[in-house]
Amino acid sequence: MIDGMRFRPVSPELLVGEVTEAIITRSGDPWTRVAVDGAPPTDPGALADRVAEALRLRGRPVQRVSAADFLRPASLRFERGRTDPDSRYEDWLDTGALTREVLAPLEPGGTGRVLPSLWNAETDRASRAEYVPLPAGGVLLLDGELLLGRGFALEYSVHLWMSRPALTRRLADQWAVPAFERYHEQVRPLRVAMTGVRVDDPAHPAVFDDSPV
């Protein structure tokens, strides 16, 4: 127990299995939208990829999308400077495009056509990706940072959490630490997510347990 929070140790394999089973149990109609959220050192994309593989083995169609491919152009992201933590929290992600092109098409009665990427942040140009149909019964797996608390329509969510000392040691963009601290103070993603996971040591994850003692 840490600061009143209890965690249940699991293996990485068991974590993938538990998340996969939870997604299947919470399946939407006709699609299931899932977010795997976490700061870059927690590597949410890696967990999303492993869960996607497990879901496909269970016969579920899967479409992977990364929020990093839905960032705003540099002129907007860096309007307040390249190392402004509030800008990273508030301005970097194009939430409207992510909703319009990825999540809304998977509402009941939606088209089921998902845009897998919109913007290449490295070249600062449109990715020119083609729309991809996700069959009924399919699962959208979205990974990224600072995703919760934005009003996204999701059937399931996972938050990968690192303690402040671990995050400070491992985050390459040290200037962004206040953005993640603000996120944890204002959104409380470890409790908002349907599954919260501590990953100070990625080889030894632990699932957050908020059930009454």
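The chat below walks through a predicted model, from its sheet and cores to its cavity and a few backbone details.

Q: Before we start, what kind of model is this, and how are the residues numbered?
A: It is a predicted model, in which local features need pLDDT of at least 70 and side-chain atom pairs count only at pLDDT 80 or more, while totals for chains, interfaces and linings use all residues. Residues are numbered from 1 along each chain as its sequence is written, and side-chain values use heavy atoms, with hydrogens and water left out.

Q: OK, what order do the strands of the sheet come in?
A: The open sheet has seven strands in the order β1-β11-β10-β9-β2-β8-β3, and the pairing is mixed. Strands here are DSSP runs of E with at least two residues, helices are runs of H or I with at least four, and both are numbered from the N terminus. Two strands pair if DSSP finds at least two bridges between them.

Q: Which strands stand at the edges?
A: Those are β1 (6-9) and β3 (62-66), and each has a single partner strand, so one side of each is left without a neighbour in the sheet. From one strand to the next, the twist averages 25°.

Q: How does β1 pair with β11?
A: β1 and β11 (residues 206-209) are antiparallel and share four bridges, with R8 standing opposite V207 of β11.

Q: And what about β10, which partners does that strand have?
A: β10 runs parallel to β9, joined by four bridges, and pairs with β11 in the antiparallel sense over two bridges. In general, strands of a sheet pair through backbone hydrogen bonds, either parallel or antiparallel.

Q: Are the faces of β10 covered or open?
A: Both faces are covered, since T195 and V197 on one side and G196 and R198 on the other are all buried. Buried means under 20% relative accessible area, exposed means over 50%, and partly exposed lies in between, using a 1.4 Å probe and protein chains only.

Q: Switching to helices, what does α1 lie across?
A: α1 lies across β1, β2, β8, β9, β10 (195-198) and β11, and runs at about 155° to β9. For such angles, axes are lines fitted to C-alpha atoms, for helices over the stretch in contact (heavy atoms within 4.5 Å), and angles run from 0 to 180 degrees between N-to-C directions.

Q: Which residues touch the most other members of the largest nonpolar core?
A: They are I23, L47, V51, L141 and V158, in a core of 38 residues. A nonpolar core is a set of buried Ala, Val, Leu, Ile, Met, Phe, Trp, Tyr and Cys residues joined through side-chain atoms within 4.5 Å.

Q: Which elements supply that core?
A: At least two residues each come from α1 (12-25), β2 (32-38), α2 (44-57), β8 (139-144), β9 (156-161), α6 (164-170) and α7 (177-186), and the largest share, six residues, is from α2. Leaving aside neighbours within four places in sequence, V51 is in contact with V16, V19, T20, I23 and L141. Another core of 21 residues lies apart from this one, and includes A35, F70, A97 and L142.

Q: How many cavities of 30 Å³ or more are there?
A: The structure holds one, and about 60 Å³ of space lies in the largest cavity. A cavity is a set of points on a 1 Å grid over the protein atoms alone where a 1.4 Å probe fits but cannot get out, and lining residues have an atom within 4 Å of a point. Points are joined across faces, edges and corners, and the volume is the space filled by probe spheres set on them.

Q: What lines the largest cavity?
A: There are 13 lining residues, and the closest to the centre are A39, H159, L160, F180 and H184. β2, β9 and α7 are the elements that give two or more residues to the lining.

Q: Last topic, where is the cis peptide bond?
A: It joins D29 and P30, with omega about 0°, and P30 is in the loop between α1 and β2.

Q: What is the phi of D43?
A: It is near 55°, a positive value in a residue other than glycine. D43 is in the loop between β2 and α2, and is partly exposed, with a relative accessible area of 43%. Most residues other than glycine have a negative phi, and most peptide bonds are trans.

How values were computed:
On a 1 Å grid over the protein atoms alone, a cavity is a set of points where a 1.4 Å probe fits but cannot get out, and a pocket is an open set with protein on both sides within 12 Å along at least five of seven lines; lining residues have an atom within 4 Å of a point.
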